[in-house]
Amino acid sequence: MQPDPADSAVRPGEEATLRPGVIGFVDALVIGLASTSPAYTLAAIIGALVAISGVHAPGVLLASFVPMVLIASAFAALNRVDPDCGTTFSWVTRAMGPWAGWIGGWAIAMTGVLIVGSLANVGVVFTLRLLGLDSLAGNTAVVLVLTVGLVLLMTWICVLGTELSARLQNVLILAQTGALLVFAGVATYRGVTGDSPLGGLDPGWDWLNPFGAGGAALSGGLLLGVFAYWGWESAVNLTEETRDSTTAPGRAAIASTVVLLVTYVAVAVAVLAFAGTDYLAGNADEEEAVFGLLATEVMGGWDWVVLLSVATAAIASTQTTILPASRTGLSMARRYALPRRFGHVSPRHRTPDVSTWWVGAIASVWFVGVSLVSENALFDSITALSLLIAFYYALTGIACAVYHRRQLTRSVSSLLLIGVGPLVGAGLLVWLLVLSIRDLADPGNSYTGQAWLGVGPPLVIGVGIFVLGLVLMLVWRSRDGRYWRERPGIAGDRIQVDEDLR
């Protein structure tokens, strides 16, 4: 069913809203996949993951899937009762009140700010290499300017329309996954047939055992695994613009985690079969270990296929990572949790233009500022993402069980799918959050290698972002308290909202 043309028109005197029904299930699925940037993510983590868990890296990726799919089911359940583009912000507000809802929305918005510039940077560098412009790829000033330009370009495309964004993502995801599958296929074949110059290993079923390397290796690997899967919820942030908005976005979120599982495990097996553990672990500090260093070894003169995969992955994720932050800003502004200006929707493009441009601008400023400090400081800011991701995913899982608490005893499926499952997923993420805080407190676990305020820089950055959010929340509440008069609701009941908000 195509959107009604009448929905595209904004009549004089009417306030513009997001355009409903402009994308479908497949578009939402593609956006969810693109947001995770599979090729870039694998390039960034596989060396470190193998260094921690050895040949059991595929098993750790399999174990990391468990909390992700459980939280994805919570997103799907909450989207059915409240298809709001603010996702975690809106749902946690309904289930647990405005204080928890506001900080959940803040965490989502800030993940975009922290990572968008770095994604664009990888997209620029790999594109220059793909074009044979290695000298420019090594020029810091040129790369910095091009990175900011790419962020602003992707921001502009997001403003132009969700349908245009979806069409671009369909092209980029096809190029990315196609190149990634070719790479994995060639690497596996050469590794299994003994044609690898790096030795390689014979694949075994025990590689899928996440406990094979021990409990400490599993916990450390899971921290990387959570980052690897992060981003699939972008599909749900577009719920108000998706056909069949109460079910399609949730199904797309769950489906994207399954596709990612297959992709990640297949590529992990492939690179282990081709390169073995020593080579990968020895290059764990190289952010582009798999695709930057193995491209020529695996593909020979066809290494451009690998460069294309990473470049398109990073560019696609640059755009799709802007979407959740901008939609969250829109949702927060509509409920007076932020200044109403952030809730402005372009009458022409029917997108949240103000919040989108703000996300792009702040992400650009953050990237330039941290990059000027040092490249290691930039990497430490990305590491801090694990705190924000684990926090708002866990918060969403808890909110699902709390909101549906009166329905949990109606059937076994309800108990498991909207109660026990989300709580188990949230519990695993809280455990990982605690482990992450413990590990990031050690300056030796940071890229900078120096203590900030007596602890590791990533922990300072992560906690600092939460503190800044609390300060801004209190300041805004003192200026406009309407949002804070909302009261939590329960599934089956109407949410209690102050009269001014109706």
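1. Basis. In this predicted model, local features need pLDDT of at least 70 and side-chain atom pairs count only at pLDDT 80 or more, while totals for chains, interfaces and linings use all residues. Residues are numbered from 1 along each chain as its sequence is written, and side-chain values use heavy atoms, with hydrogens and water left out.

2. Salt bridges of Arg334. The structure holds 7 salt bridges (a side-chain nitrogen of Lys or Arg within 4 Å of a carboxyl oxygen of Asp or Glu). In one of them Arg334 pairs with Asp84, with the closest N and O atoms 3.4 Å apart. Arg334 lies in helix 14 and Asp84 in the loop between helix 3 (57-81) and helix 4 (88-96), so this bridge ties together parts that are 250 residues apart in sequence. Helices here are DSSP runs of H or I with at least four residues, numbered from the N terminus. Arg334 also forms a salt bridge with Glu240, at 2.7 Å from N to O. That pair links helix 14 to the loop between helix 10 (234-237) and helix 11 (248-282), 94 residues apart.

3. Asp84 counts as buried at 11% relative accessibility, and Arg334 is partly exposed with a relative accessible area of 32%. Buried means under 20% relative accessible area, exposed over 50%, and partly exposed in between (1.4 Å probe, protein chains only). Arg327 and Glu241 meet in another salt bridge, 3.0 Å from N to O. Arg327 is in helix 14 and Glu241 in the loop between helix 10 and helix 11, so the pair ties together parts 86 residues apart in sequence. Both Arg327 and Glu241 are buried. Shared partners join Asp84, Glu240 and Arg334 into one network.

4. Largest cavity. The whole structure has 3 cavities of 30 Å³ or more. On a 1 Å grid over the protein atoms alone, a cavity is a set of points where a 1.4 Å probe fits but cannot get out, and lining residues have an atom within 4 Å of a point. The largest has a volume of about 80 Å³, and its lining includes Ser35, Trp230, Glu233 and Tyr392. Helix 14 gives the largest share of this lining, 3 residues. The lining divides into 4 nonpolar, 6 polar and 1 charged; Ala, Val, Leu, Ile, Met, Phe, Trp, Tyr, Cys and Pro count as nonpolar, Asp, Glu, Lys and Arg as charged, and the others as polar.

5. Second largest cavity. This one holds about 60 Å³ of space. Ser35 and Trp230 are among its lining residues, as are Tyr40 and Phe227. Helix 1 (25-36), helix 2 (38-53) and helix 5 each supply at least two lining residues. The lining has 5 nonpolar, 4 polar and no charged residues.

6. Second largest pocket. A pocket is an open set of points with protein on both sides within 12 Å along at least five of seven lines. Helix 19 provides the largest share of the lining, 8 residues. The lining divides into 21 nonpolar, 5 polar and 1 charged.

7. Surface patch. Val412, Leu415, Leu416, Leu417, Val420 and Val424 make a nonpolar surface patch of about 520 Å². Patch residues have over 30% relative accessible area and no salt bridge, with like charges joined within 9 Å and nonpolar side chains (Val, Leu, Ile, Met, Phe, Trp, Tyr) within 5 Å. Val424 is in helix 18 (residues 412-440) and is partly exposed, at 41% relative accessible area.

How values were computed
Accessible areas come from the Shrake-Rupley method with a 1.4 Å probe; for residues, only the protein chains shown count as cover. Grid points are joined across faces, edges and corners, and a volume is the space filled by probe spheres set on the points.
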